[in-house]
Amino acid sequence: MFKMEKFEELKSEWAGQSSAIIPEEGVQTIIEKMKKIKGKQRSTNIILAMTCIVLIGFFVYISAYQFRTVMIGLLLMIGALVVRIVLELLSINTINKLDASEDAINFKIRLPAPLAALYLR
Amino acid sequence: MVFKSSFESVEVSMKQDKSYFEEVYRANYQRVIRICRGYVSGDEDLAKDLTQEVFIKVWESLASFRNESNIATWIYRITVNTCMLQFRKKKFFKQDNALQGLSNSEEENDTAQENQLNKMYQCVDKLTQDNKAIILLELEGLPQKEIAAVMGISHEAIRVRVHRIKTSLTKCVQNGKI
């Protein structure tokens, strides 16, 4: 009985903690941050895709397939870029599919292990 | 003309959404930041960052809110899920911070209420992720039926768990052990 009374005390102390000041420009900051994040994601993917295209163009231009070492080097660079682009797109897709308004148990079940955690803002 | 009017209607709807979001933001800011404080051992700056992350998710999902549940319950769900994820991301940073909080509270002689609140934060920090969410919602005064809806656990199970966590939290605040 004493413990429950004590918990009620804790609860009233919790309720009585100092109120935070609501940021005046809070909403605007959130909307701008969202735009910035989306823009950053888009520009990263555009830059990666363009680099990839330039490398493929260079590969064809110098006829890299005729030189074994050059071909391996260029293919490695292009391959790494393609993997990076695919990972970026997969992570964006994963984040977009996550519904943060689900109940906690279902949310945890749907959460793909390390990828989402890594790319969460 | 058609383009102009549809463009205007989109613009009006965006403005309405923004003003609705502003309303939601102001009405729920305090309860969200209190829950976030519970996740970061009372660190005000981290709690503010976390609150901003929560409202980013609210802004992203506002269009899909279907009035099936109370908006406060819906925001509590987003808060719990976002805090859980951010906890994973800032795991190590948070642990350092929690330890810093412990040493600060030992060194400083805060007022009795602040001390009690600090102890509470440290005890909440020792709980598992699910138990932490449950007790923070209980401290917020959310009815157990709604806590069950936020957590996705049956009402009966929540009732039992709340009782257990209340006992161990009270014991921890009194003795420093869970």
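Predicted model: local features only at pLDDT ≥ 70, side-chain atom pairs only at ≥ 80, totals over all residues.
Biologist: What does the secondary structure of chain A come to, and which pattern does chain A follow along the sequence?

Modeller: The secondary structure of chain A has zero strands and comes to five helices.

Biologist: What percentage of the residues in chain A is buried?

Modeller: Chain A has 121 residues, and a residue counts as buried if 20 or more other C-beta atoms lie within 10 Å of its own. Among contacts in chain A between residues at least 6 apart in sequence, 51% join residues at least 24 apart. The buried share of chain A is 7%.

Biologist: Does H2(A) lie largely in the open or is it largely buried, and why?

Modeller: H2(A) has 36 residues and reaches 52 Å from its first C-alpha to its last, close to the 52 Å expected at 1.5 Å a residue. Of these 36 residues the number buried is two, so H2(A) lies largely in the open.

Biologist: Which residues does A:Cys52 touch, leaving aside those up to four places away in sequence?

Modeller: A:Cys52 has its place in helix H2 of chain A, which covers residues 26-61, and with 18 other C-beta atoms within 10 Å it is partly exposed. A:Gly79 is 27 residues away from A:Cys52 in sequence, while the two C-alpha atoms are 8.9 Å apart in space. Not counting residues up to four places away, the residues that A:Cys52 touches are A:Ile78, A:Leu81, A:Val82 and A:Ile85.

Biologist: How many residues of chain B are in contact with chain A, and how do they divide by class?

Modeller: On the two sides of the interface, 28 residues of chain A are in contact with 41 residues of chain B. The elements giving two or more residues to the side of chain B that touches chain A include helix H1 (2-39), helix H2 (44-61) and helix H8 (155-175) of chain B. By class, the residues on this side of chain B divide into 20 nonpolar, 10 polar and 11 charged.

Biologist: Which element gives the most to the largest nonpolar core?

Modeller: The largest nonpolar core has 49 residues, and those with the most contacts inside it include B:Cys36, B:Met120, B:Ile134 and B:Met151. The element that gives the most to this core, with seven residues, is H1(B).

Biologist: Which residues does B:Cys36 touch, not counting residues up to four places away in sequence?

Modeller: B:Cys36 is one of the residues with the most contacts inside the largest nonpolar core. Beyond four places in sequence, B:Cys36 touches B:Ala47, B:Leu50, B:Thr51, B:Val54 and B:Cys83.

Biologist: At what angle do the axes of H6(B) and H8(B) cross?

Modeller: In the contact, B:Asn131, B:Ile134, B:Ile135 and B:Glu138 in H6(B) meet B:Ile158, B:Arg161, B:Val162, B:Ile165 and B:Leu169 in H8(B), which by class makes six nonpolar, one polar and two charged residues. The two helices are roughly perpendicular to each other, since their axes, which come within 10 Å, cross at roughly 85°.

Biologist: And at what angle do the axes of H7(B) and H8(B) cross?

Modeller: Residues of H7(B), among them B:Ile147, B:Ala148 and B:Met151, meet residues of H8(B), including B:Ile158 and B:Val162. The contact of H7(B) with H8(B) has five nonpolar, two polar and two charged residues. H7(B) and H8(B) are roughly perpendicular to each other, and their axes come within 9 Å and cross at roughly 105°.

Definitions and conventions: Residues numbered from 1 in each chain as written. Chains lettered and ligands numbered in written order. Contact = placed C-beta atoms within 7 Å. Helix = DSSP H or I, 4+ residues; strand = E, 2+ residues; numbered from the N terminus. Nonpolar A, V, L, I, M, F, W, Y, C, P; charged D, E, K, R; others polar. Buried ≥ 20, exposed ≤ 12 C-beta atoms within 10 Å, placed from the backbone. Expected span 1.5 Å × (residues − 1). Axes fitted to C-alpha atoms, helices over the stretch in contact; angles between N-to-C directions. Parallel < 35°, antiparallel > 145°, perpendicular 65-115°, else oblique. Core = buried A, V, L, I, M, F, W, Y, C linked by C-beta atoms within 7 Å.
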